[in-house]
Amino acid sequence: MNRSVTFALLFLASLPALAQTLTGTVREASASPASFAALKLLRATDSSFVAGTIADEQGQYRFSNLSDGRYRVQASVVGMRNETSPVVTVRAGQPLTLEPLQLQPASQALTTVTIRAQKPLVEQQIDKTVLNVASDATAQGKSAYELLQQAPGVVIDPNDNIQMAGKRGATVFIDGKPTNLSAADLANLLRATPASGIETVELISNPSARYDAQGGAGIINIKRRRDKTLGLNGRVSGGYGQSDHHRANAALDLNYRAQHVNLFGNAAVSDNFQITNVLIDRYATGTRFLQRGYDSDGTRAIVYKAGVDYFMGTRHTLGLILSGNSASNQFGTYTTTGLTNSRGVLDSSLINRVTNPSLNNRLNASLNYRYTDTSGLELNVDIDFTRFGNAAPNTITSDYVNPTGDVLLRRRYRFDARTDITISTVKGDLVKAWKTTRTELETGFKHTDVSTDNGLLAFLGGGQSGTPEQPDRNRTNRFQYREQVSAGYASLKQPLGKKWMAQAGLRIEHTTVRGRSTDILNGTGSSNGTNKPDTSYVNLFPSAFLQYQASEKNQFSVKYGRRIGRPNYQDLNPFIYQIDPYTSQRGNPFLRPDYTQNTELSYTYNQAMTVSLGHSHTTDFSTDVVRQEKLVAYQTVANVGQVNAVNLSVNAPLPIRKWWNGYVYAGATWNRFQGRLSPNEPFDQRAFAFQAYMQHSFTLSNQWVAQVSGFWNAPTTQTIYRIGGMGSINLSVQKKVLDGRGNVSLLVDDVLNQMRYRQTANYGTAPDNRQHFYIDRKWESWRVSLRFSYRFGSTDVKENRNRETGPDASRIKTKANL
């Protein structure tokens, strides 16, 4: 182990230096730093845009990986006149530092500023794809959830699980920190967050060594907009949507900046309700189950954040952030299941009613210290604490009915489930840049400690017979789980000659896991009690990147990374969650993490169109598995085998006319699933998946913008499950009001009302394990919405810092919706 670490560090340190860099400083008229000034790199021949960046708090900026040529640098700050540098010539092996650019106040006669330049909707950067939400004219009328649904290569299934580039396990960050939420709770957070407050969405398929290795599909980082004016300013927004039922939300963002302190905060609330029609046709052991019914889902949520940055001189900054969210969910299910025999004759029916209200709360506190100086040294130290709690009482009432409709028997089940999760994290990151050699080194450490305590109280009785309610010993359980991950990393980036750029990194993680499940008698030896998982392991996660700038318009890159997919905490929980007398869910304490190796080759033309070809190999792949015990089926999660996937994608902007801009994305994935669902059920399944997205924006006038967008996910297969195709077309129109400070948007989602989820499976050969089922779920996807947003306050604020803090706890998963 020590030899491996030593070899890796020597390899990183031995990489030679490369690519051209242009650095400089921006100052205000008073000679103080122009913090967070906007910089453009322009080609000297025609003033065309080459690259953009933002100065740091000391007014320093850097353009890296430049081709030989002649350039100008333009600096701008709201309220100041733009300043442009003289023409400079960039040559290989000759890093340049420009004379400081000094900005002057704009003339008082200047009352109107018209900005014509605009970032493209999608940018392909060295290590990620960036969606510039500010360039989406209709983003005012969307939520963050809807924004991700339309992101290139991103798929959100009906259970709110997020896939990226055809792979499961994408980890969602907000402002550089993990969201610490389950799929359902994350969906509530994103639905309550208006897209108008988002600056960019970063899609990082192969994260560097600085990021945690968790998440086989990569990282989605949502960066919220920060106002940049001195004094007080903010934004208020709200919207209402109507399908069969309503969906409403509102948000407020505030920012106050003074010389030594920056205060910021935001809050968003949402109130949503919808009905999902459910059809399930299941065949098992000679009996056919025909289920019809619906789910009712009402959610009220609040998301909040408050923070302060205190600037101690020009080098030291201390920051504190308190954030959290609370959601109340009223979930219910009403279904009628007809049981027919092998001759197709109805034997009996089951009428099932489920009420499942839940309440969850999350609170996070984050303390950050930052040091930076003019020599290229930056140090960040973060301490985070997160507490999550969920309470989900559940009542199931089942009536057994004969073919004539008479109730034969009534049974009642009641469950009180709770989950408490505590996460503490300490991390430090050190970045050192050497201007002369243009070398950049990143190194750091992180320690995360996660404790979960899950309790399930199960009761029987209180049904038609009038028997008193009694504890159910077969289901009552307590599951305690602790996971500790200690990590260290190093990453080195350097130019290699005239046209090459290289980056390599290594992350080392040591994981210790302890799990204990006890039954109602506090025992661990029964069928419900176990002392698993209980393990410790060390992993190395290398990452590498190589880029070749063939010419001014042609760029090639190769990326490699190894990732881990640790199980969701609740998937390890062996509790039995009863859905109805014939179906249940349970966790698997013997789940192992899966490992994925990703390799990607990409070509970018003119910093716009990108074609990518990638391959991933995943071992110990886990998926949902349905088991049959006579007439009773239960769903669990199991490691079933390995997956090899090849993904080919292309995305490109389409500037059709000055008033008509388009964007298109298409991605195809070839998967091969190999493994065993059980010792007697091997599978070797090949599958093809295709995803496409398009968007067209029309500038009708200075105040009016219209947009049409749509996506299509072709039918595909995952292990034994066949998943139907799904797509939608969306329309929107937006008008600027109140002197451009306000926006009104009208949207129509899923115009043709075609979005629905279909799944089929047919497997098993033994008489007691033969399975066939078909699922069809149709929710309220067609919706008309009206949204309004308004920004107020001064017009000259410097933004508070975005920083990457917080534990990687996106694996929190609750059983709120049984």
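Asp 212 is buried, at a relative accessible area of 13%, where buried denotes under 20% relative accessible area, exposed over 50%, and partly exposed the range in between (1.4 Å probe, protein chains only). Before I continue, colleagues, please note that this is a predicted model, in which local features need pLDDT of at least 70 and side-chain atom pairs count only at pLDDT 80 or more, while totals for chains, interfaces and linings use all residues. Residues are numbered from 1 along each chain as its sequence is written, and side-chain values use heavy atoms, with hydrogens and water left out.

What is the partner of Asp 212 in a salt bridge? The partner is Arg 507, and the closest N and O atoms of the two are 2.8 Å apart. I use the term salt bridge for a side-chain nitrogen of Lys or Arg within 4 Å of a carboxyl oxygen of Asp or Glu. Arg 507 belongs to strand β30, whereas Asp 212 sits in the loop between β17 (198–204) and β18 (219–224), so this contact ties together parts that are 295 residues apart in sequence. Arg 507 is also buried, with a relative accessibility of 3%.

Arg 507 has a further salt bridge, to Glu 509, at 2.9 Å from N to O, and both of these residues are buried. Asp 212, Arg 507 and Glu 509 are among the members of a network of salt bridges that also includes Lys 446 and Arg 566.

I turn now to strand β30 itself. Strands here are DSSP runs of E with at least two residues, and helices are runs of H or I with at least four, numbered from the N terminus.

Finally, the salt bridges overall. How many are there by this rule? The count comes to 23. One of them joins Asp 420 and Arg 418, at 3.4 Å from N to O. Asp 420 is partly exposed at 27% relative accessible area, and Arg 418 is partly exposed at 33%.
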